[in-house]
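This report describes selected packing and pairing features of the structure shown below.

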Amino acid sequence: MKKSMGWKVGLILAVVVFSVWMFYPPKDKINLGLDLKGGMHLILEVQTDEAIRIQTDQSIEQLKSSLKEDGIKFEKVKRVGVNKIEIIGTSFDDERTVKDILEDDFRDWRITYSSNRIIMALRPNIEMKMRDQSVDQALQTIRNRVDEFGVAEPVIQKEGLSGDRLLVQLPGVDDPARVKSLIKSTAMLEWKHVVAGSFPSKEDALKKYGGNLPDDLVILKEKGSKSCYVLRAASVVTGKDLKTARSSVDEYGAPAIGFSLNSRGARKFEKYTSKNIGQRCAIILDNRVLLAPSISAVISSDGIITGRYTSDEVNDMVLMLRSGALPAPMKYLEERTIGPSLGADSIRKGLYACITGLILVLIFMLVFYKGAGINSNVALILNIIILMGILSYFKATLTLPGIAGVILTIGMAVDANVLIFERIKEDIRFGKSPKSAIESGFKKAFLTIFDANLTTIIAAIFLYQFGTGPIKGFSVTLIIGIVASMFTAVFVSRVIFDLIYGKRKKLKKISI
Amino acid sequence: MRIFKKEPDFNFMGKRFLAFTLSGLIIVAGAIALTTKGFNLGIDFSGGTLIEVSFKNYTNENNLRKVLKKIGFGKSEIQRVGRKENKFFIKTIKSIEEENKSQHKFEGVIENQDLGEHEKVAEMIKSAFISEKERASLKGGKIDINNASENKIRNFLITKGASEEDAMESSLKINDLKKNETGLINSFKDLEKLKLRRRVMTILKDNTFLGNFTFLSTEIVGPKVGSDLRSKAILATFWALLGMLIYIAFRFKFVYAFAAVITLFHDILVILSFILFFNVEMSLTVVAAILTLVGYSLNDTIVIFDRVRDNVKLMRREKVESIINRSINQTLTRTIVTSGTTLLTVLALFFFGGEVIHTFSLILIVGILIGTYSSIFQSCAWLKVWEKHFIRRKKI
């Protein structure tokens with residue numbers, strides 16, 4: 001008897017000490033959710049359709065040049081939908097070679113031939129892979145950006161069943177507009193040759209070409225204004241040729257973006273600038289012209305981009321350029337910003353409600369069950385300690401609904417004790433001795449407690465599985481609370497009874 | 001202490017038809033409410049913008065509506081939070097149908113499908129609340145401490161000539177000062193209490209002002225997420241019910257699982273009816289509350305079923321009604337005590353937990369009462385129903 005009591009008490013002490021050690025001091029150890037510490041919660045959808053479209057457009061360019069190289073005549077190559085290419089008007093004589101080219105270089109496409117047109121459709125498995133890749137790449141890019149921005153403990157992960165959604169949680173960020181544009185910018189950097197401009201509006205630019213722009217030219221707006229440039233569609237170099245970007249200053253000491261191209265880019269740029277001195281070359285970010293300086297000297301690898309930027313703007317742009325371009329544009333589906341004061345207020349109130357609820361329950365149990373009430377109160381307090389300990393151990397996040405879960409656990413945790421005590425009372429009423437009543441009370445109540453709690457856990461697990469943010473936090477605390485209550489109400493309470501009454505040989509009455 | 005001097009002997013089963021009628025009436029009334037007015041969907045499910053805004057000076061719903069009317073949001077829902085503080089929830093909703101239409105119109109133009117419009121709404125409302133005087137100050141290059149982030153205040157102090165260290169320390173302190181009930185700093189007197197460097201204080205006094213309001217939180221949910229969450233919530237409920245059903249059928253007999261699941265449906269329908277009656281806004285947390293109650297009520301039911309199972313073995317000769325009555329009576333003290341302690345904590349949550357989980361705790365209170373009622377008056381009655389119609393020789 002004594003020996004077995006020893007390890008039981010030891011185990012309880014060990015669990016308690018471990019729990020306290022895990023969550024003390026709570027300020028550092030307990031992971032607070034966004035709703036408690038403030039921050040941003042974003043759900044983005046990667047426009048994978050757009051990624052496929054970009055891919056298809058690139059293939060069209062490649063196709064055109066392949067056909068031209070082999071001297072095959074065609075009327076038109078155009079994109080149908082996002083994932084189909086139609087080649088119209090290849091002459092029939094050439095069919096043999098067309099087939100050769102297509103089947104060698106375009107294995108990702110399923111090709112069907114008809115009298116004067118060829119239709120190429122992206123194979124479904126390849127398309128799926130491309131979509132997945134674009135989401136993965138977007139995730140990585142956002143992670144890079146957030147890391148460089150310096151947010152502590154961000155959450156960036158895929159979300160939902162459709163596979164194209166990303167969840168981004170940034171605790172403590174209180175400048176939502178800046179962060180949002182930072183995350184969402186595609187950050188496609190391009191250098192394009194300026195053909196004409198600038199014009200006060202798009203219409204004016206079009207007028208110059210009689211309202212009909214040649215295929216190889218594009219009109220792009222200048223960032224932050226309505227004026228437009230006419231540019232050559234093909235880029236001189238793009239962000240892919242970028243080695244690095246950094247914050248820098250121009251000759252007047254104003255913030256500017258410094259960049260270096262990799263060797264491939266440098267070669268292309270050197271060749272281009274040496275041929276075009278005196279002409280202008282536009283630097284374009286996400287289809288907006290940042291600036292269009294004239295080329296004064298041959299530039300190979302290094303340069304700076306100037307403008308009237310603040311140092312924050314420069315830092316953000318550098319960050320985006322360094323983290324790479326997004327493979328496809330993104331769309332915000334959900335955005336929640338919680339200010340730090342609201343979070344602090346919620347913690348204060350939640351804590352207050354917790355303590356009030358706890359005290360009420362403690363008093364109630366003490367009045368109702370007297371001596372045994374003290375027992376269950378000890379068990380309840382241990383329950384909360386263990387709950388906090390496990391929460392910290394699993395690095396689970398405490399949210400406001402999570403606090404509600406803790407409060408509810410306080411109310412429900414005593415249920416196991418109530419079940420046991422009522423059984424004991426009942427057995428005493430039937431004339432059993434207190435000692436055997438305790439024995440049988442615990443035994444009979446255990447199965448009930450087990451069944452009842454397990455069903456609640458099943459419900460909570462499904463809540464966790466399907467729930468998002470706040471619901472998850474709630475179900476986690478509920479599950480942990482229930483498991484802890486099984487330990488404290490059944491095991492700890494029993495040990496306490498044994499410690500108090502176990503040594504007495506004759507036990508006539510117990511306080512319950 | 002005891003609630004009953006000796007074991008109580010209420011005839012619960014005798015009242016079962018009364019209970020069926022009562023619950024039936026509530027559910028029918030709920031169904032009528034559903035067809036006539038439907039659920040009040042929160043932005044979690046309908047999509048839209050929800051802003052919590054806090055004002056320094058007294059204002060009321062009517063004043064806010066006047067301001068919102070000017071920018072075309074006069075129909076927004078405005079709800080005061082708490083009594084003392086000037087905090088309000090403002091909800092601008094765009095119905096899902098409307099959204100679908102506009103999406104259809106803009107098909108292929110990605111920018112227009114974006115949250116962009118909603119974001120603009122938040123910005124428009126923000127700028128509408130800025131007073132003429134404040135607008136002039138902003139134009140004059142001053143910044144609004146109550147609406148500036150910590151980062152912004154720090155950078156501002158540095159550009160005005162404060163040392164980096166001072167700026168860092170001061171902006172942190174100012175940010176902490178804002179972490180009060182209202183999220184606002186009331187006057188420069190409060191700022192002076194922070195004992196900032198004199199130099200910083202002069203910069204603040206000359207170049208900043210304390211705006212009249214701040215946005216405590218801004219939530220923007222796109223329509224796609226809303227419909228997604230709806231199906232998720234339904235899925236979660238379905239699987240949770242199935243899981244519990246299987247467990248009970250496994251641990252007890254099928255008849256218990258049947259009665260338990262009917263009771264669960266009863267609970268869900270009655271709670272939903274009350275949600276409809278009180279026009280409670282459906283949000284994710286409300287769904288969480290409902291599912292919690294389902295778990296709670298089931299917990300209660302199982303305790304009684306457990307007793308029934310025991311008593312069936314002990315009282316072989318007795319009629320099913322009296323076995324069930326006995327079981328409910330034997331567990332009655334426990335049912336009352338547990339409901340009582342849980343109610344105590346939930347009441348604490350309701351009164352002290354703050355606005356954000358007010359509805360959550362309200363539903364828990366109502367739900368605990370419903371769950372307790374249903375485990376006493378419904379669950380066992382359904383055992384009897386099954387027994388009467390499907391079981392010939394053996395009892396339950």
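## Helix pair in chain B

In this predicted model, α1(B) passes α13(B) in a left-handed crossing. Helix α1 of chain B spans residues 16-36 and helix α13 of chain B spans residues 254-277. The two pack at an angle of about 50°, and their axes are 8 Å apart.

On the α1(B) side, the contact is made by Ser23(B), Ile26(B), Ile27(B), Ala29(B), Gly30(B), Ala33(B) and Leu34(B). They meet His266(B), Leu269(B), Val270(B), Leu272(B), Ser273(B), Leu276(B) and Phe277(B) of α13(B). By residue class, the contact of α1(B) with α13(B) holds 10 nonpolar and four polar residues, and no charged ones.

## Sheet in chain A

Chain A contains an open sheet of three strands, ordered β13-β14-β17, with antiparallel pairing. Its edge strands are β13 (242-249) and β17 (302-305) of chain A, each of which pairs on one side only. From one strand to the next, the twist averages 25°.

Strand β14 of chain A, residues 255-261, is joined to β17(A) by four bridges, and these two strands run antiparallel. Within this pairing, Gly258(A) has Ile304(A) of β17(A) as its bridge partner. Helix α10 of chain A (residues 311-323) packs on the sheet and touches β13 and β14 of chain A. The direction of α10 makes about 170° with that of β13(A).

## Contact between chains A and B

The two chains meet through 67 residues of chain B and 64 residues of chain A. On the chain B side, at least two residues each come from α5 (110-113), α8 (150-159), β7 (213-221), α12 (223-251), α14 (284-314) and α16 (332-352). The side of chain B that touches chain A divides into 31 nonpolar, 22 polar and 14 charged residues.

Strand pairing also links the chains: strand β18 of chain A (residues 330-338) is joined to β7(B) by five bridges. The strands β18(A) and β7(B) run antiparallel. In this pairing, Glu334(A) stands opposite Val221(B) of β7(B).

Conventions
Residues numbered from 1 in each chain as written. Chains lettered and ligands numbered in written order. Predicted model: local features only at pLDDT ≥ 70, side-chain atom pairs only at ≥ 80, totals over all residues. Axes fitted to C-alpha atoms, helices over the stretch in contact; angles between N-to-C directions. Left-handed = near helix turned anticlockwise from the far one by under 90°. Contact = placed C-beta atoms within 7 Å. Nonpolar A, V, L, I, M, F, W, Y, C, P; charged D, E, K, R; others polar. Pairing = 2+ DSSP bridges.
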